[in-house]
Amino acid sequence: MTQEIIIAGFGGQGVLSMGKILAYSGLMENKEVSWFPSYGPEQRGGTANVTVILSDTPISSPIVNEYDIAIILNQPSLDKFESHVKPGGILIYDPNGFQHPPTRKDINIYSIEAIDTATLMKNSKAFNMFVLGGLLKVAPMVKLENVMLGLKKSLPERHHGLLPMNEQAIHKGMEIIQEENKIN
């Protein structure tokens, strides 16, 4: 099993954190892992993306041109990465703020109203956890208990009190993800 994943959006959306949590989760399951972030000089508002590879076999390179899964959180990232999803792959996006949705018919497309749900639940800091929950629902590549261990490892100790709220957001994300185009 090898999963090559791109997570892309604006800085401040938790893109890099989501990738780090996935990477830690893979490590907890003794998988081979690569975490390769890319971001501009701006921390918030600029674009950011991270490539995460989880594999049962050694990873030859962290550089990937086509992805099994793309998590897209803004229009510029959709414009850049939609064409890089392998045929038969998965694209997950939050349609909030998009001028045009994904258009490919040879990939599985899911939408998740994570921003609206986070706002409704007064839990905007856990936006990325709603998205992560949606990912785990459609592609359960790591166990939830290992995601929680990865989250605990990536959060400073002073924020460990937020772990139950984040776990709740992951479960809610599993509930709200919607299939838009299923090819299999």
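Q: Buried means under 20% relative accessible area, exposed over 50% and partly exposed in between (1.4 Å probe, protein chains only); is Y93 buried or exposed?

A: Y93 counts as buried, because its relative accessibility is 3%. This is a predicted model, in which local features need pLDDT of at least 70 and side-chain atom pairs count only at pLDDT 80 or more, while totals for chains, interfaces and linings use all residues. Residues are numbered from 1 along each chain as its sequence is written, and side-chain values use heavy atoms, with hydrogens and water left out.

Q: How many aromatic pairs does the structure hold?

A: Rings of Phe, Tyr and Trp (its six-membered ring) pair if their centres lie within 6.5 Å, with planes under 30 degrees apart called stacked, over 60 edge-to-face and the rest tilted. The structure holds 2 such pairs. In one of them, the ring centres of Y67 and F81 are 6.3 Å apart and the planes stand at 85 degrees, so this pair is edge-to-face. Because Y67 belongs to strand β4 and F81 to helix α2 (residues 75–81), the pair ties together parts that are 14 residues apart in sequence. Y67 counts as buried at 6% relative accessibility, and F81 does at 8%. The rings of Y93 and F98, with centres 5.3 Å apart and planes at 70 degrees, also make an edge-to-face pair; F98, at 15% relative accessibility, is buried.

Q: In what order do the strands of the open sheet lie?

A: Helices (H or I, at least four residues) and strands (E, at least two) are DSSP runs numbered from the N terminus, and two strands pair if DSSP finds at least two bridges between them. Here 7 strands form an open sheet in the order β2-β3-β1-β4-β5-β6-β7, with mixed pairing. Its edges are β2 (32–39) and β7 (178–181), each of which pairs on one side only. Within the sheet, β1 (residues 2–10) and β3 (residues 47–55) pair in the antiparallel sense over 9 bridges, and I6 has T51 of β3 as its bridge partner.

Q: Which residues have the most contacts inside the largest nonpolar core?

A: A nonpolar core is a set of buried Ala, Val, Leu, Ile, Met, Phe, Trp, Tyr and Cys residues joined through side-chain atoms within 4.5 Å. The largest one has 38 residues, and L22, I71, L132, L135 and M141 have the most contacts inside it. Helix α4 (residues 127–138) gives the most to this core, with 7 residues. Apart from this core lies another of 15 residues, including I6, L78, F98 and I107.
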